[in-house]
Amino acid sequence: MRQTRAIELGTGLFVLLGFAALFFLVTQITSREFGLGSSGYRVTAAFDQIGGLKIGAPVSMAGVTIGRVERIEYDFDRYQARVTLRIEEQYDRIPEDSDAGIYTAGLLGGQYVGIGPGGADVFLADGAELQFTQSAVVLENLISKFLFSKAAEEGAQ
Amino acid sequence: MTPELDAPARAVRDAVVRIRDLHYSVNGRAILAGVDFEVRRRSVTAIMGPSGTGKTTLLRLITGQLRPARGQVEVDGQDLARLSRAALFALRRRMGMLFQQGALLTDLDVYENVAFPLREHTRLPERLLRHVVLTKLQAVGLRGAWRLMPAELSGGMARRVALARAIVMDPQILIYDEPFVGLDPVSLGVVLRLIRRLNDALGLTSIVVSHDVREITAVADHCCLLSSGRVIAAGPPRALQASDAADVRQFVHGLPDGPVPFHYPAPDYAAQAAEVH
Amino acid sequence: MRLARDLAASLLAAVRSVGGYTLFAARVLAAVPGALPRPGLVIAQVYNTGALSLVIIMLSGLFVGMVLGLQGFDLLQRFGSEESLGTAAALSLLKELGPVVTALLFAGRAGTALAAEIGLMRATDQLAAMEMMAVDPLRRVIVPRFLGGVIAMPLLAAIFSMIGIFGAQLIGVQLMGVDPGHFWSQMRAAVEFGDVMEGAIKSAVFGALCSLIAVYEGYHAVPTAEGVGRATTRSVVIASVIVLLVDYLLTAVML
């Protein structure tokens with residue numbers, strides 16, 4: 001009996017430690033947040049180009065993370081990408097005419113949605129749409145534009 | 001030619017195990033080539049024979065661990081070859097087997113080893129189970145060793161524990177595979193006496209495979225001598241001892257040379273010696 | 001001529017053993033439901049294969065993580081992005097090193113113990129004795145050990161990865177002076193739930209493979225001392241090669 005108790009104790013410790021490790025990996029190492037899925041409110045924004053934006057990417061204002069990208073889909077009526085953002089509920093005073101843009105964190109970092117505040121005194125509510133958007137900058141386009149303009153300059157001279 | 005030493009009519013009556021024309025071979029080498037014999041209810045039957053004559057194979061065929069190439073094995077009137085795995089397992093619950101080295105489960109102690117079949121097949125309350133297990137251990141004289149692990153037991157003790165385990169489900173047939181190998185004279189005497197006592201007290205049918213002629217003839221009611229895959233003699237021990245067939249005499253009296261040659265087949269000595277140089 | 005015959009013979013043997021493994025796996029899986037009413041047996045095996053491997057897994061995880069910290073720092077510093085050390089360490093541990101190194105250690109520690117134990121039970125007639133007691137050794141002995149391995153491996157791999165990340169943090173942050181905020185936040189931003197799942201799926205597959213190989217080799221061991229020794233060796237060799245091969249396949253599928 002003493003032996004089986006030692007086995008039970010050892011097994012219990014091992015299993016608990018294992019699940020603690022799994023929990024740690026899932027919650028602390030990744031950007032996924034659990035239990036917050038339904039809280040906050042949702043707004044949408046349509047972009048011509050979202051680049052490498054992914055679900056779960058941060059939504060930030062002035063560098064403060066205020067929410068996450070919840071859904072990305074393609075809207076065939078407007079031929080644009082429609083991005084659903086989930087904003088945490090304490091950030092409930094974002095002016096209606098704020099603009100959203102897709103930026104890159106650092107030169108090679110992941111992409112995020114940045115929101116710049118507008119001047120209206122009506123605030124965004126659940127289901128609202130951000131009207132002013134700025135698409136992601138695609139590096140290849142930038143380079144080709146740059147080369148193109150260089151060539152045009154040289155041609156003009 | 002198999003000299004039947006007893007009256008065949010008597011043997012047929014009430015046979016628990018009946019074997020007819022049994023053949024078995026491994027990789028094309030015949031181990032058993034036409035074995036016929038019977039085991040009568042409540043008797044101690046010895047299967048004897050030199051090493052490597054297929055005695056253990058015969059046991060495995062009787063218990064359905066192996067399937068015969070040809071012939072028939074009937075236990076309690078049931079043809080083993082026709083049984084499903086479930087029916088075979090049901091039949092085996094009425095059989096107990098003592099393996100050569102005991103085959104105790106090394107990770108369980110003596111008590112749990114004996115309790116193992118009960119725990120697997122029954123839902124006895126712990127108190128009753130304890131009673132049954134201790135009774136069986138008492139029968140083999142090892143109740144005091146109930147907390148020892150198999151590694152702490154001597155060879156003779158391990159075999160007695162295995163015997164207690166073999167009888168814990170109250171089988172009707174008890175099979176011993178070489179129960180005397182490697183035992184000191186005292187343990188051997190104990191095991192020998194247990195075989196007879198358990199057989200008579202519990203009304204069992206016992207089958208003992210052995211090549212220890214003197215020991216086994218002391219307890220057996222009936223002997224069956226196997227050589228090169230055939231039964232060469234069968235009958236009560238005394239009849240076997242009195243037999244004047246050369247191969248039976250050689251085995252029963254332990255003669256070094258005879259029909260079983262002392263020398264392994266070899267080419268001419270002088271020729272082989274000359275070959276080396 | 002003889003070479004061709006030998007080649008054909010060994011090819012045939014290889015095909016046969018693949019078939020043997022497949023049939024055995026099917027028998028084990030078919031026997032799983034029969035073993036479930038006895039969770040105690042499985043728990044005892046989770047202890048044998050998991051809890052007893054804990055120390056070696058944690059130590060190895062720590063050192064692998066520390067090496068990752070050193071190497072990763074050296075490499076990333078050349079590109080001026082040592083803040084990504086956390087990301088690099090976490091991803092390599094979660095997706096590759098955690099599952100693979102754990103599986104290799106498991107094959108060496110728990111797999112050999114399993115193969116030797118079952119081989120010994122075969123050699124000492126314990127399996128035959130169970131058969132004679134009308135107990136199916138597959139259900140009583142093999143399946144609990146198989147399930148124990150399947151349960152223990154993902155947990156061991158998770159522990160390995162967690163300790164490894166702390167090991168990398170120890171070197172990167174404490175020794176090399178990477179900013180701890182960057183270390184953790186970059187890691188969180190870059191690592192996705194799918195990466196953790198990828199590692200968990202891999203280690204569950206490895207757990208099933210390693211345990212299956214160990215119990216198969218033990219169960220089919222030649223019943224002699226030499227045969228048990230050979231079965232033990234075979235179980236490590238086969239399990240290690242299979243783990244690396246399957247790791248490639250799984251990575252290719254999941255990337």
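Reader: For chain C, what share of the contacts with a separation of 6 or more comes from residues 24 or more positions apart?
Author: Such residues account for 88% of those contacts in chain C. Two residues are in contact if their C-beta atoms, placed from the backbone, lie within 7 Å. Please note that this is a predicted model, in which local features need pLDDT of at least 70 and side-chain atom pairs count only at pLDDT 80 or more, while totals for chains, interfaces and linings use all residues. Residues are numbered from 1 along each chain as its sequence is written, and chains are lettered from A and ligands numbered from 1 in the order in which they are written.

Reader: How many helices and strands does chain C have?
Author: Chain C has nine helices and zero strands. Helices (H or I, at least four residues) and strands (E, at least two) are DSSP runs, numbered from the N terminus.

Reader: And what percentage of chain C is buried?
Author: Of its 255 residues, 53% are buried. A residue is buried if 20 or more other C-beta atoms lie within 10 Å of its own, exposed if 12 or fewer, and partly exposed in between, with C-beta atoms placed from the backbone. The C-alpha trace of chain C spans about 65 × 55 × 30 Å along its principal axes.

Reader: How many residues of chain A are in contact with chain C?
Author: On the chain A side there are 19, in contact with 24 residues of chain C. The chain A side comprises eleven nonpolar, seven polar and one charged residues. Here Ala, Val, Leu, Ile, Met, Phe, Trp, Tyr, Cys and Pro count as nonpolar, Asp, Glu, Lys and Arg as charged, and the others, Gly among them, as polar.

Reader: Turning to chain B, which residues of helix α10 are buried?
Author: In α10(B), residues 246–253, they are V248(B), F251(B) and V252(B). Seen down the helix axis, these residues fall within an arc of 95° (taken from the directions from the axis to the C-beta atoms), so they line one face of α10(B).

Reader: What do they pack against?
Author: The buried residues of α10(B) pack against α8 (213–219), β9 (222–227), β10 (230–235) and α9 (237–242) of chain B. The face turned away from the buried side carries the exposed residues A246(B) and H253(B).

Reader: What follows α10(B)?
Author: G254(B) follows, and its phi is positive, near 65°.
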